[in-house]
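Biologist: Thanks for sitting down with me. Could we look through this model together, one piece at a time?

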Amino acid sequence: MRKPFIAANWKMNKTLSEMKDFFTVFIPLTVNKSNADIVIAPPFTLLNPASEIIKGTKIILAAQDVFYEEKGAYTGEISPLMLVDTGCQYVIIGHSERRQYFGETDEIVNKKIIASKKAGLGIIFCIGESLQEREAGRTFEVLQKEIQKGLNEIEPSKLVIAYEPIWAIGTGKTATTEQAQEAHSFIRKQLIKLYGNIASELCIIYGGSVTPENIDSLMACEDVDGVLVGGASLKPESFARIVDFKQS
Ligand code: PGA
(Lines give C-alpha, C1' and ligand atoms only; values in the text may rest on other atoms or scores of the structure.)
Protein backbone atom coordinates (compact mmCIF):
# COMPACT_ATOMS: atom_id res chain seq x y z
CA MET A 1 0.00 0.00 0.00
CA ARG A 2 1.38 3.37 -0.99
CA LYS A 3 0.79 6.17 1.50
CA PRO A 4 -0.34 9.44 -0.14
CA PHE A 5 2.51 11.95 -0.34
CA ILE A 6 1.40 15.58 -0.48
CA ALA A 7 4.23 18.09 -0.82
CA ALA A 8 4.42 21.88 -0.93
CA ASN A 9 7.15 23.60 -2.92
CA TRP A 10 7.16 27.21 -1.77
CA LYS A 11 9.86 28.18 -4.29
CA MET A 12 11.28 31.69 -3.61
CA ASN A 13 8.39 32.81 -1.42
CA LYS A 14 7.79 33.80 2.23
CA THR A 15 9.62 35.68 4.93
CA LEU A 16 9.84 34.42 8.51
CA SER A 17 6.73 36.26 9.63
CA GLU A 18 4.77 35.11 6.58
CA MET A 19 5.74 31.53 7.36
CA LYS A 20 4.64 31.90 10.99
CA ASP A 21 1.27 33.21 9.82
CA PHE A 22 0.94 30.24 7.46
CA PHE A 23 1.58 27.63 10.16
CA THR A 24 -0.69 29.36 12.68
CA VAL A 25 -3.59 28.63 10.34
CA PHE A 26 -2.35 25.44 8.63
CA ILE A 27 -1.43 23.29 11.63
CA PRO A 28 -4.85 23.38 13.35
CA LEU A 29 -6.55 22.72 10.00
CA THR A 30 -4.58 19.56 9.29
CA VAL A 31 -3.59 18.17 12.66
CA ASN A 32 -4.75 14.54 13.09
CA LYS A 33 -6.93 14.90 10.02
CA SER A 34 -4.88 13.30 7.31
CA ASN A 35 -3.33 9.91 6.66
CA ALA A 36 -1.04 11.40 4.04
CA ASP A 37 2.61 12.27 4.44
CA ILE A 38 2.55 16.09 4.50
CA VAL A 39 5.81 17.62 3.29
CA ILE A 40 6.74 21.30 3.14
CA ALA A 41 9.76 22.69 1.27
CA PRO A 42 10.37 26.32 2.30
CA PRO A 43 13.36 28.32 1.04
CA PHE A 44 16.74 27.57 2.70
CA THR A 45 16.50 30.62 4.99
CA LEU A 46 13.39 29.22 6.70
CA LEU A 47 14.46 25.61 7.22
CA ASN A 48 15.72 26.06 10.78
CA PRO A 49 12.76 28.06 12.11
CA ALA A 50 10.32 25.82 10.22
CA SER A 51 11.87 22.81 11.89
CA GLU A 52 11.16 24.36 15.32
CA ILE A 53 7.58 25.33 14.46
CA ILE A 54 6.56 21.91 13.10
CA LYS A 55 8.09 19.93 15.98
CA GLY A 56 5.45 17.58 17.39
CA THR A 57 3.28 17.73 14.26
CA LYS A 58 3.35 15.16 11.46
CA ILE A 59 4.66 17.68 8.93
CA ILE A 60 7.89 16.61 7.25
CA LEU A 61 10.51 19.19 6.26
CA ALA A 62 12.12 19.24 2.80
CA ALA A 63 14.56 21.48 0.93
CA GLN A 64 14.11 22.68 -2.64
CA ASP A 65 17.65 21.94 -3.83
CA VAL A 66 21.10 20.87 -2.64
CA PHE A 67 24.71 20.74 -3.89
CA TYR A 68 26.50 17.45 -4.34
CA GLU A 69 29.78 18.14 -2.55
CA GLU A 70 30.11 17.46 1.18
CA LYS A 71 31.83 20.76 2.03
CA GLY A 72 34.44 23.23 0.81
CA ALA A 73 34.93 26.27 -1.37
CA TYR A 74 31.55 26.39 -3.17
CA THR A 75 30.29 29.89 -2.42
CA GLY A 76 26.55 30.05 -1.96
CA GLU A 77 25.93 26.31 -1.99
CA ILE A 78 24.34 24.05 0.66
CA SER A 79 25.45 20.47 1.29
CA PRO A 80 23.25 17.44 2.06
CA LEU A 81 24.67 17.26 5.58
CA MET A 82 23.70 20.88 6.22
CA LEU A 83 20.14 20.03 5.23
CA VAL A 84 20.08 17.06 7.60
CA ASP A 85 21.39 19.42 10.26
CA THR A 86 18.32 21.67 9.91
CA GLY A 87 15.94 18.74 10.35
CA CYS A 88 15.21 18.12 6.67
CA GLN A 89 14.13 14.60 5.76
CA TYR A 90 13.64 15.12 2.03
CA VAL A 91 15.10 17.21 -0.77
CA ILE A 92 13.58 18.11 -4.15
CA ILE A 93 16.08 17.39 -6.93
CA GLY A 94 15.85 18.10 -10.66
CA HIS A 95 12.95 20.56 -10.59
CA SER A 96 12.36 21.92 -14.10
CA GLU A 97 13.07 25.48 -12.90
CA ARG A 98 16.54 24.32 -11.79
CA ARG A 99 17.06 22.57 -15.12
CA GLN A 100 15.75 25.55 -17.13
CA TYR A 101 17.18 28.60 -15.31
CA PHE A 102 20.30 27.16 -13.68
CA GLY A 103 21.53 24.75 -16.32
CA GLU A 104 21.08 21.54 -14.34
CA THR A 105 21.76 18.50 -16.47
CA ASP A 106 20.72 14.90 -15.86
CA GLU A 107 24.31 14.23 -14.77
CA ILE A 108 24.23 16.98 -12.12
CA VAL A 109 20.83 15.76 -10.95
CA ASN A 110 22.25 12.24 -10.59
CA LYS A 111 25.23 13.50 -8.54
CA LYS A 112 22.88 15.44 -6.25
CA ILE A 113 20.74 12.35 -5.69
CA ILE A 114 23.79 10.19 -4.91
CA ALA A 115 25.19 12.73 -2.41
CA SER A 116 21.82 13.30 -0.73
CA LYS A 117 21.09 9.61 -0.32
CA LYS A 118 24.53 9.14 1.20
CA ALA A 119 23.59 11.73 3.83
CA GLY A 120 20.34 9.84 4.53
CA LEU A 121 17.92 12.23 2.84
CA GLY A 122 14.79 11.08 1.02
CA ILE A 123 14.59 12.25 -2.59
CA ILE A 124 11.75 13.93 -4.50
CA PHE A 125 13.08 13.45 -8.02
CA CYS A 126 11.36 15.66 -10.64
CA ILE A 127 10.96 14.76 -14.30
CA GLY A 128 8.70 16.03 -17.07
CA GLU A 129 8.42 17.07 -20.69
CA SER A 130 8.08 20.52 -22.25
CA LEU A 131 5.10 21.48 -24.41
CA GLN A 132 7.27 21.23 -27.52
CA GLU A 133 8.36 17.72 -26.58
CA ARG A 134 4.76 16.66 -25.87
CA GLU A 135 3.54 18.07 -29.17
CA ALA A 136 6.33 16.28 -31.00
CA GLY A 137 5.18 13.00 -29.43
CA ARG A 138 8.38 12.70 -27.40
CA THR A 139 6.95 12.61 -23.86
CA PHE A 140 7.82 8.98 -23.09
CA GLU A 141 11.27 9.28 -24.64
CA VAL A 142 12.05 12.31 -22.43
CA LEU A 143 10.75 10.63 -19.28
CA GLN A 144 12.70 7.48 -20.02
CA LYS A 145 15.94 9.42 -20.54
CA GLU A 146 15.51 11.49 -17.37
CA ILE A 147 14.80 8.34 -15.34
CA GLN A 148 17.69 6.39 -16.82
CA LYS A 149 20.26 9.13 -16.31
CA GLY A 150 18.92 10.64 -13.10
CA LEU A 151 18.56 7.30 -11.32
CA ASN A 152 21.81 5.78 -12.57
CA GLU A 153 23.29 3.73 -9.68
CA ILE A 154 20.54 4.85 -7.30
CA GLU A 155 18.75 2.34 -5.12
CA PRO A 156 15.05 2.92 -4.53
CA SER A 157 14.72 3.49 -0.77
CA LYS A 158 13.09 6.80 0.25
CA LEU A 159 12.64 7.73 -3.39
CA VAL A 160 9.61 9.65 -4.65
CA ILE A 161 9.22 10.47 -8.35
CA ALA A 162 7.45 13.73 -9.22
CA TYR A 163 5.99 13.87 -12.73
CA GLU A 164 5.73 17.56 -13.57
CA PRO A 165 4.89 18.38 -17.18
CA ILE A 166 6.70 21.70 -17.66
CA TRP A 167 3.77 23.18 -19.58
CA ALA A 168 1.55 22.70 -16.53
CA ILE A 169 3.80 24.39 -13.97
CA GLY A 170 2.52 27.77 -12.82
CA THR A 171 0.41 28.10 -15.98
CA GLY A 172 -3.01 27.12 -14.64
CA LYS A 173 -3.04 24.30 -17.23
CA THR A 174 -3.30 20.99 -15.41
CA ALA A 175 -2.71 17.72 -17.20
CA THR A 176 -5.99 15.88 -17.66
CA THR A 177 -6.45 12.90 -15.41
CA GLU A 178 -5.92 10.68 -18.49
CA GLN A 179 -2.62 12.41 -19.33
CA ALA A 180 -1.45 12.17 -15.71
CA GLN A 181 -2.42 8.49 -15.36
CA GLU A 182 -0.83 7.62 -18.72
CA ALA A 183 2.49 9.25 -17.76
CA HIS A 184 2.48 7.80 -14.24
CA SER A 185 1.78 4.33 -15.50
CA PHE A 186 4.64 4.68 -18.01
CA ILE A 187 6.96 5.87 -15.23
CA ARG A 188 5.92 2.93 -13.03
CA LYS A 189 6.81 0.52 -15.85
CA GLN A 190 10.26 2.13 -16.20
CA LEU A 191 10.78 1.81 -12.45
CA ILE A 192 9.78 -1.87 -12.57
CA LYS A 193 12.41 -2.40 -15.26
CA LEU A 194 15.00 -0.73 -13.03
CA TYR A 195 14.02 -2.08 -9.64
CA GLY A 196 11.66 -5.01 -10.13
CA ASN A 197 8.60 -5.52 -7.94
CA ILE A 198 9.64 -3.01 -5.31
CA ALA A 199 8.69 -0.30 -7.82
CA SER A 200 5.03 -0.99 -7.07
CA GLU A 201 5.67 0.48 -3.61
CA LEU A 202 7.25 3.74 -4.83
CA CYS A 203 5.19 6.93 -4.75
CA ILE A 204 4.80 8.71 -8.07
CA ILE A 205 3.35 12.16 -7.50
CA TYR A 206 1.96 14.74 -9.93
CA GLY A 207 2.89 18.42 -10.09
CA GLY A 208 1.66 21.30 -12.25
CA SER A 209 -1.17 23.68 -11.33
CA VAL A 210 -2.64 21.44 -8.64
CA THR A 211 -5.49 23.23 -6.83
CA PRO A 212 -8.25 22.46 -4.32
CA GLU A 213 -10.53 22.14 -7.36
CA ASN A 214 -8.62 19.42 -9.22
CA ILE A 215 -6.98 17.48 -6.36
CA ASP A 216 -9.78 14.94 -5.88
CA SER A 217 -9.87 13.83 -9.51
CA LEU A 218 -6.07 13.65 -9.74
CA MET A 219 -5.85 11.53 -6.59
CA ALA A 220 -8.48 9.20 -8.02
CA CYS A 221 -6.00 8.05 -10.71
CA GLU A 222 -4.59 4.62 -9.98
CA ASP A 223 -0.93 5.59 -10.29
CA VAL A 224 -1.11 9.11 -8.84
CA ASP A 225 0.07 8.68 -5.26
CA GLY A 226 0.31 12.30 -4.29
CA VAL A 227 1.10 15.80 -5.54
CA LEU A 228 3.80 18.45 -5.55
CA VAL A 229 2.12 21.82 -5.20
CA GLY A 230 3.60 25.25 -5.92
CA GLY A 231 1.24 28.25 -6.08
CA ALA A 232 -1.68 26.64 -4.23
CA SER A 233 0.55 25.62 -1.31
CA LEU A 234 1.24 29.22 -0.30
CA LYS A 235 -2.19 29.78 1.24
CA PRO A 236 -2.86 27.65 4.33
CA GLU A 237 -6.55 27.10 3.59
CA SER A 238 -5.95 25.96 0.04
CA PHE A 239 -3.03 23.66 0.91
CA ALA A 240 -5.05 22.23 3.82
CA ARG A 241 -7.88 21.37 1.40
CA ILE A 242 -5.37 19.65 -0.90
CA VAL A 243 -3.96 17.64 2.00
CA ASP A 244 -7.54 16.73 2.94
CA PHE A 245 -8.36 15.42 -0.56
CA LYS A 246 -11.48 13.29 -0.92
CA GLN A 247 -10.83 9.69 -1.74
CA SER A 248 -13.18 8.30 -4.34
P1 PGA B 1 2.55 25.01 -9.52
O2 PGA B 1 4.06 24.49 -9.32
O3 PGA B 1 1.70 24.19 -8.61
O4 PGA B 1 2.58 26.47 -9.14
O5 PGA B 1 2.20 24.78 -10.94
C6 PGA B 1 4.34 23.14 -9.17
C7 PGA B 1 5.83 22.92 -9.05
O8 PGA B 1 6.60 23.59 -9.75
O9 PGA B 1 6.28 22.05 -8.27
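Biologist: Let's start with a loop: what is the place of alanine 232?

Modeller: First, a word on the source: this is a predicted model, where local features need pLDDT of at least 70 and side-chain atom pairs count only at pLDDT 80 or more, while totals for chains, interfaces and linings use all residues. Residues are numbered from 1 along each chain as its sequence is written, and side-chain values use heavy atoms, with hydrogens and water left out. Helices (H or I, at least four residues) and strands (E, at least two) are DSSP runs, numbered from the N terminus. With that settled, alanine 232 sits in the loop between β8 and α10.

Biologist: Is alanine 232 buried or exposed?

Modeller: Buried means under 20% relative accessible area and exposed over 50%, with partly exposed in between (1.4 Å probe, protein chains only). Alanine 232 has 16% relative accessibility, so the label is buried.

Biologist: Which residues does alanine 232 touch, not counting those up to four places away in sequence?

Modeller: Contact means heavy atoms within 4.5 Å. The C-alpha atom of alanine 232 is 7.7 Å from that of serine 209, 23 residues apart along the chain. Leaving out residues up to four places away in sequence, alanine 232 touches Val210, Thr211, Pro212, Ser238, Phe239 and Ile242.

Biologist: How do α1 and α10 lie to each other, roughly parallel or oblique?

Modeller: Two packed helices are described by the angle between their axes and the distance between the axes. Axes are lines fitted to C-alpha atoms, for helices over the stretch in contact, and angles run from 0 to 180 degrees between N-to-C directions; under 35 degrees counts as roughly parallel, over 145 as roughly antiparallel, 65 to 115 as roughly perpendicular and the rest as oblique. The axes of α1 and α10 come within 9 Å and cross at roughly 25°. That makes α1 and α10 roughly parallel.

Biologist: How many nonpolar, polar and charged residues does the contact of α1 with α10 have?

Modeller: Phe22, Val25, Phe26, Leu29 and Thr30 in α1 meet Pro236, Glu237, Phe239, Ala240 and Val243 in α10. Ala, Val, Leu, Ile, Met, Phe, Trp, Tyr, Cys and Pro count as nonpolar, Asp, Glu, Lys and Arg as charged, and the others, Gly among them, as polar. By class the contact has 8 nonpolar, 1 polar and 1 charged residues.

Biologist: And α5 with α7: roughly parallel or oblique?

Modeller: Helix α5 (residues 106-118) and helix α7 (residues 139-150) have axes that come within 8 Å and cross at roughly 45°. By that angle, α5 to α7 is oblique.

Biologist: How many disulfides does the structure hold?

Modeller: A disulfide is a pair of cysteine sulfur atoms within 2.5 Å. The sulfur of cysteine 88 is 15 Å from the closest cysteine sulfur, in cysteine 126, which is too far for a bond. For cysteine 203 the closest is also in cysteine 126, at 14 Å, again too far. The number of disulfides is 0.
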